[in-house]
Every structure is written in structure tokens, then in C-alpha cells.
Amino acid sequence: MRFLDEARIRVTAGSGGNGCAAFLREKYRPMGGPSGGDGGRGGDVIGQADEGMGTLLYYSSHRLFRAKSGENGRGKTQHGRSGEDLVIKLPTGTIIKDAVSGELVADLTRNGEQVLLARGGRGGRGNARFATPTHQAPRRADPGEIGQERELTLELRLLADAGLIG
């Protein structure tokens, strides 16, 4: 069995869904009105310590992790579904650093400990949000925000500690 103590991965959070610009006219609603729903929030990428894992070998072949994006809003004031969060299991004792800046992101020391690695984008607003008494038929809808993308370096502390002692 190979033992790997360092790996480099790329995490991408989900983008938010776009808002919808729609209008609804029904029988008992004589003038109708805006009915565009909001877009869903993008999923986050979360790192979680798992004492059942002993090495970073899995991350030598799997380097890209992407959370789900939020769905777009629809007519009839239907909001889009939020994207699911992606949980990445890491061995206990992993040090997570930003690969570009070298900044320490987290140090997972306890089993089950979680850290946010990349934040998902906010969903866009539909035109029903922009209706006011003076502006009753807005044709505006906001796009969703793009999810955060990061390049990370994972370093397993256990091997480095054993090297200092031995």
C-alpha cells in the first residue's frame, strides 16, 4: 500500500440560479402582474475530518470537486431549488492551505470537524421582487452569482511528525 502525505486539489462551489422575468394573468386577477421566481443558491464545498481515512491516496487521482448549481427561477413565483452541498472526506490531521497564496485555510484535528472550502453563489432575484406600487410591471430579473473556485494543497501532518521523531 502506498502512503501519500500531500495532494493538490481544485474545488468549485455551485453557481446560483438566475431569477425569472414572467407575468401571470388569471381569471380573478384582472390586471395580472409580475410572477418571476428567484433562483436557487449554489451548493458549498465542505471539508470534513474522518478518522477512518489514513492517507491522501484518493486525492492523487481525483483532483476536481464541484458542487451542484442552483436551479433557475420559474413563472408563477416558483423559486429554483438550491444546489446540494458537496462534503469531501479528509483524514484527521490534514492541514489545508490555499495553493496560490499559501494561506492556512484549516487544520482538521478532531473527527467530524467541518470547514467551508468554497462558498456557493447567491441565487438571482425574479421580477416579482421588484414590484412596487409605482412600478407595477418590472421587466428586470437578476442573474445568479458565480460560485467560488479555489486551488488547495492538502498536507497530512502525521507523516511530517513521524519524520521529525525518526
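**Strands and nonpolar core of a predicted model**

Strand E4 (residues 45–50) and E6 pair in the parallel sense over 6 bridges; strands are DSSP runs of E, at least two residues, numbered from the N terminus, and two strands pair if DSSP finds at least two bridges between them. This is a predicted model, in which local features need pLDDT of at least 70, side-chain atom pairs count only at pLDDT 80 or more, and totals for chains, interfaces and linings use all residues. Residues are numbered from 1 along each chain as its sequence is written, and side-chain values use heavy atoms, with hydrogens and water left out.

A separate pairing links strand E2 (residues 23–26) with strand E3 (residues 29–34), antiparallel over 3 bridges. A hairpin of 2 residues joins E2 to E3, and Glu 26 stands opposite Arg 29 in E3.

The largest nonpolar core has 21 residues, and Val 11, Tyr 59, Ile 88, Ile 96 and Leu 117 have the most contacts inside it. Such a core is a set of buried Ala, Val, Leu, Ile, Met, Phe, Trp, Tyr and Cys residues joined through side-chain atoms within 4.5 Å, where buried means under 20% relative accessible area (1.4 Å probe, protein chains only). Strands E1 (6–12), E4, E6, E8 (104–108), E9 and E10 (149–156) each supply at least two of its residues.

Key: Helices (H or I, at least four residues) and strands (E, at least two) are DSSP runs, numbered from the N terminus. Buried means under 20% relative accessible area, exposed over 50%, partly exposed in between (1.4 Å probe, protein chains only).
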